[in-house]
2 protein chains.
Amino acid sequence: MIDASNSPLTTDLYQLTMLAGYHAQGMEDEAVFEFFVRDLPPGRNFYLAAGLEQLLDYLEHLRFGEAELAWARESGRFGDDFIDYLASLRFTGQVHALPEGTVCFPDEPLVRITAPLPQAQLIESRLINLLHFQTLIASKAVRCVLAARGRLLVDFGLRRAHGAEAGLLAARANYLAGFHGTSDVLAEPAFGIPVFGTMAHSFVEAHAHETDAFLHFAHAQPDNVVLLIDTYDTERGARRVVEIAPRLAAEGIRIKGVRIDSGDLGEHARRVRAILDEAGLSETTIFASGNLDEDRIHALLAQGAPIDGFGVGTRLDTSADAPYLDCAYKLMRYAGRPRRKRSEGKATWPDAKQVWRRFDGQGRMAGDTVTRADERVEGEPLLVEVMRDGRRLREAESLEAIRARVREQLAALPEAHRGLDPAPPYPVTISAGLRELAAALDREAH
Amino acid sequence: MIDASNSPLTTDLYQLTMLAGYHAQGMEDEAVFEFFVRDLPPGRNFYLAAGLEQLLDYLEHLRFGEAELAWARESGRFGDDFIDYLASLRFTGQVHALPEGTVCFPDEPLVRITAPLPQAQLIESRLINLLHFQTLIASKAVRCVLAARGRLLVDFGLRRAHGAEAGLLAARANYLAGFHGTSDVLAEPAFGIPVFGTMAHSFVEAHAHETDAFLHFAHAQPDNVVLLIDTYDTERGARRVVEIAPRLAAEGIRIKGVRIDSGDLGEHARRVRAILDEAGLSETTIFASGNLDEDRIHALLAQGAPIDGFGVGTRLDTSADAPYLDCAYKLMRYAGRPRRKRSEGKATWPDAKQVWRRFDGQGRMAGDTVTRADERVEGEPLLVEVMRDGRRLREAESLEAIRARVREQLAALPEAHRGLDPAPPYPVTISAGLRELAAALDREAH
């Protein structure tokens, strides 16, 4: 079976039929495409660029292997000449991008591809597939980070993520946005992301007595004793923890925490906190999970729930309130001429572009301007060249470096945009040069 | 890089910490777990079981390879004895399941796993990950199939699916539900699913004139001429198709269809149909795409839009109105004793179960009963044994066989449940035997 994550056949058929057309016409001039988001989902104030490293990996390794060429031959859709062309096809282009973890807004290109037309075209499907998903998830995760105000945050979403790759890439997007780790084991060997985990209800149920389950778990994982106490009755579970704590302490085992996964999490946390504190277990933390998202985390903390950490799963890894972004990858220039799609409701700003960000005297973001790539306006340019001639210009960025960037970016956000509530749109201006170009292209319309 | 789709590390860490606990205690008795959905998403009347073949593949090939064992060693979490145990671990259990494409309802197990406790536990995360996603997507896709009343339906969702595996498995789920094919090329070599594709706006924009783009595409793909006509002005695009049709016809090339991807699809389709018909191109079909789902398809056909086929993408492959199902995989029996989780709002019916379906005199579904596995009640049992001792009991079912089952199942659905509007809940009864068992377990509570 071909590995979907690494195959050039993870693409839409029309890319190949278009390539055949370009090939037949010898249309191999330089094209510029850009990936951008058209609109923020309702209630969101910004998004966080993510997924670039996976895109660069894909571009560096793009090639049709034997299995893929065999499919192309057998499909009967293509001539031998075109199949030979596919066999030799590599990505030799240039990539400009917002560094991962950059706060960004609609109409701002996250990635600009400059390459011979067939290459820039072929990569569209997987490019969107990679950038869209991690940007989607990181943009949701960062809202949890803002809501949790420093509490421990662990991604629990693997099981309801849309497949294994979605679980793994969601773990990465969550971590770069500021989560402390994930339950998805593979994220550790794949990305060096810390993994977290305790026990499920089935572990408790498999034992005749809840107390035995707690003791067995503590003995098997003495450095990581977090006990799930809601299988039968949450407060009774907490009292059982209190009962066994001295016995485990005598063996040198400390109960690090308890987890609550059902019912009114705030109310249970208060009662459990009281039970633990009364027994002198004030160091034992309370970890909550179960259908959480940024709004529920915010509400729990606003009501003063004594919760030290949150496991956030399904609603995060599926971005349940907004399971997709309205994003696109569009041709902006071909053979030296700017291009513009004018389809109703889907018109694009033409030509290769740059984004410039201004800051006020306190280092807060004050507004962005989208310009033609060769214009210069006030501010810092955000898109940087990361690949040339199909080769990365630097090592892959570490996730720690990206996390540090996210912290800086969040500190620079206008106050209104850091909250969960909808803020007035952040000012993004389209430069006069870009507007004039669009108008000129419309005048000479087809 | 470890392949996420095929690694036992695509799991939650707590599975491994629990396994270490079970291993330390020698808890290897037979366990029964079941996967089920707790509630239908709002507005849905049933769901369609899917994903079983990928689960059986996963179970047959489950093993810790060198890379995974190296991770386990280096992680410092586990003793050598446990790591040796992981190295030899295989799935040796039994699987009962609803055949893929079976219509089903909340509280009915889709899959029952009977295996030594650690095996049945370890597989939880990926089992849910696989069954949840395809069941989610097939359950949405079948609504599109019902809405489209026989029109061509093509999955266009790869780019906004949550990763490459999601795109590929969504293509499979859509096809088994009754779609005609997908744009995801890999679905053809991977699953034999027909793939469809034409051109993007960028193909048109890369040409100086729209007409040249149409001609070049027709010459490059003479057997598959479907032209995208909305890049600049939909009706003008249709007139250009009319202009070139005689010239192409003279070369023996037929324009199979046109695609419209923006604006008021119904209104454009009517105008384009008139333009084509007037020019004698009544055989040229109209294919529509752009933000479609079952409700928009239904609305377009209800208003008589002359659309012959639909490309359905983002809203389908992300199941945008319900991006997850409230599903679970729970311990039902261990070491001969039925088990029951009683967490608030999440209580389960205990023990291994069977589902029995009754039909009326016309072959219409009349009601289901969920029983203990060893009970017998009126109706046909739906769960069948598909794996024993870790080996499939039959060849993988063909997608064509599953599609035929879906057609039969839809024909047997009560009329109210075939519509897109919410119907009264389909009758699912919990047997007296099961209720008595649950009550008895509650009485002897912990």
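Reader: What should I know before reading the numbers?
Author: Residues are numbered from 1 along each chain as its sequence is written, and chains are lettered from A and ligands numbered from 1 in the order in which they are written. The model is predicted, so local features need pLDDT of at least 70 and side-chain atom pairs count only at pLDDT 80 or more, while totals for chains, interfaces and linings use all residues.

Reader: How many helices and strands does chain A have, and what makes a run count as one?
Author: Chain A has 17 helices and 19 strands. Both are DSSP runs numbered from the N terminus: helices are H or I with at least four residues, strands are E with at least two.

Reader: Why are the two copies said to be related as by a two-fold rotation axis?
Author: Two copies of a chain are related by a rotation about an axis and a shift along it. Here chain B is laid on chain A by a turn of 180° and a shift of 0.0 Å along the axis, with an RMSD of 0.0 Å. The copies are thus related as by a two-fold rotation axis. The superposition is by least squares on the C-alpha atoms of residues with pLDDT of at least 70 in both.

Reader: How do you know that the same surface serves both copies?
Author: Of the contact residues of chain B, 100% recur in chain A. Contact means that the C-beta atoms of two residues, placed from the backbone, lie within 7 Å. By that test the contact takes 92 residues from chain B and 92 residues from chain A. Helix 1 (residues 13-25) of chain B gives the most to its side, with nine residues.

Reader: What makes chain A a chain of two domains?
Author: Its bounds come from an automatic or database domain assignment, which divides chain A into domain 1 (4-137 + 327-443) and domain 2 (150-317). Their C-alpha centres lie 38 Å apart. The contact between them takes 14 residues from domain 1 of chain A and 18 residues from domain 2 of chain A. On the domain 1 side, the largest share, four residues, comes from helix 15 of chain A.

Reader: Why is strand 10 of chain A called mostly covered?
Author: A residue is buried if 20 or more other C-beta atoms lie within 10 Å of its own, exposed if 12 or fewer, and partly exposed in between, with C-beta atoms placed from the backbone. In strand 10 (residues 285-289) of chain A, five of its five residues are buried, and therefore the strand counts as mostly covered. A:Thr285, A:Phe287 and A:Ser289 point one way, and A:Ile286 and A:Ala288 the other way.

Reader: How do you know that strand 9 and strand 10 of chain A pair?
Author: Two strands pair if DSSP finds at least two bridges between them. Strand 9 (residues 257-260) and strand 10 of chain A have four bridges, in the parallel sense, so they pair. A:Ile260 stands opposite A:Ala288 in strand 10 of chain A.

Reader: What makes strand 16 and strand 19 of chain A edge strands?
Author: Four strands of chain A form an open sheet in the order 16-14-15-19, with mixed pairing. Strand 16 (380-381) and strand 19 (428-430) of chain A each pair on one side only. Inside that order, seven bridges join strand 14 (residues 353-359) to strand 15 (residues 365-372) of chain A, which run antiparallel. A:Phe359 has A:Met365 as its bridge partner in strand 15 of chain A.
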